[in-house]
Amino acid sequence: MGVCLPQYGEPDLGRRFLLYIVLCMIIYEYSYATLTIQGPAGDGYLFGPGCPGSAAALAIKLTLTAVNKGDDMSDPHSLIGKKALVTGGKRRIGRGIALALAEAGADVGINDLQADADGETTQALIRQMGRETDFYAADISDVNQVEEMFQAFLMRFGRIDILVNNPYAGTGQSFLELTEKNWDLNLDVGLKGFFLCSQQAARAMVEQGDGGSIVSTSSVHGMRAWKTDAAYGAAKAGVIRLTKSMAVDLAEHGIRCNAILPGYMDTDHLFNTTPPKIGILGEQHRQKVPLCRPGTPEDIGRAATFLCSPAAGCITGVALPVDGGLLATSG
Ligand SMILES: NC(=O)c1ccc[n+]([C@@H]2O[C@H](COP(=O)([O-])OP(=O)(O)OC[C@H]3O[C@@H](n4cnc5c(N)ncnc54)[C@H](O)[C@@H]3O)[C@@H](O)[C@H]2O)c1
């Protein structure tokens, strides 16, 4: 947008300059606009296609690129007012993510295959934090169910700011025994489902016009191989690579996409209770997990919350291990 400053000496310079400042503030606050200021202008108009500038003009170029609209940098870790959906969110790591997002201020929708006591517990804990929640029973590997889920979520919450992709399915099998069925289940839920949900969320975020954040739970298995993990590892490596492509494609819309890589976990650890002590795993784990402590659902939840927050506003396309140093070792 070109903006021409009025010429000095014009009778209503003060009024026009005030108008110009107000307009700058509005543009900065409500858009990602690139603002170009030129002056003094030959014709004296504040705006408009007729601003020719003058040969001797002083040209000032300011590029003001707003961070995500609505990001409150007075508390860069706050998610107050954000609307989040956590898939596979009813228990264990998914619950830890949902509770950490709620604790930071987000209203959190929970998806899982079926509503049950686990889902009710997670929702009750979110409500105790004073946040809104709802439950969406859907199989994330089924495109029709995914579309219906996002329609229902958007109807209920009005918008989506955060998506966390979390489920996995399938079992470990040695490569020679690995069945097509098990391969398909691992990849359909653990990779295709992440794609389907991310696409729905990203389309809504693009329409909203003010960015968003997508976090996907991968694993240290996405970076390093263990026995019997061919299908699981392929899905988890795919999540890391998908995340990078999404980050590149969606950056122009202010949508940040990152992956988290949990390592050795204590998935029964309760939210907001004392974290496991460093060294608790004992000597036999020290070579593999330098901190010698398992990760907890809360650890994963807090990492996800950080990645979704304004504090991580320049972070996209990363695969963040939350693994006590496991991937830092030589294996
Ligand atoms: N548990 C670990 O030690 C560990 C380690 C590294 C990474 N991870 C990753 O963390 C994530 C969560 O792990 P977890 O141990 O808490 O798993 P979990 O099995 O306890 O939870 C996954 C949830 O996803 C749901 N789910 C399965 N298929 C689904 C589908 N098609 N649609 C919707 N929901 C579905 C399940 O019902 C379950 O509630 C997974 O992506 C897993 O690969 C876990």
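Modeller: Happy to! Asn-165 has Ser-216 of β8 as its bridge partner. Strand β7 (residues 162-165) pairs with β8 in the parallel sense, over four bridges; two strands count as paired if DSSP finds at least two bridges between them. Strands here are DSSP runs of E with at least two residues, helices are runs of H or I with at least four residues, and both are numbered from the N terminus. Before going further, please keep in mind that this is a predicted model, where local features need pLDDT of at least 70, side-chain atom pairs count only at pLDDT 80 or more, and totals for chains, interfaces and linings use all residues. Residues are numbered from 1 along each chain as its sequence is written.

Now to β8 itself. Six of the six residues of this strand (residues 212-217) are buried, so β8 is largely enclosed by the rest of the structure. Buried means that 20 or more other C-beta atoms, placed from the backbone, lie within 10 Å of the residue's own. Gly-212, Ile-214 and Ser-216 point one way, Ser-213, Val-215 and Thr-217 point the other way, and all are buried. For the chain, buried residues make up 40% of the 331 residues.

Stepping out to the sheet, seven strands form an open, parallel-paired arrangement in the order β6-β5-β4-β7-β8-β9-β10. At its edges lie β6 (133-137) and β10 (319-322), each pairing on one side only. From one strand to the next, the twist averages 20 degrees, with axes taken as lines fitted to C-alpha atoms and angles running from 0 to 180 degrees between N-to-C directions.

The largest nonpolar core has 61 residues, and Ile-97, Ala-98, Leu-101, Val-108 and Ala-304 touch the most other members. Such a core is a set of buried Ala, Val, Leu, Ile, Met, Phe, Trp, Tyr and Cys residues joined through C-beta atoms within 7 Å. Helix α5 supplies the largest share of this core, nine residues. Beyond its neighbours within four places in sequence, Val-108 is in contact (C-beta atoms, placed from the backbone, within 7 Å) with residues including Ala-84, Val-86, Ala-98 and Leu-101.

Technical notes. A residue is buried if 20 or more other C-beta atoms lie within 10 Å of its own, exposed if 12 or fewer, and partly exposed in between; C-beta atoms are placed from the backbone. Two residues are in contact if their C-beta atoms, placed from the backbone, lie within 7 Å.
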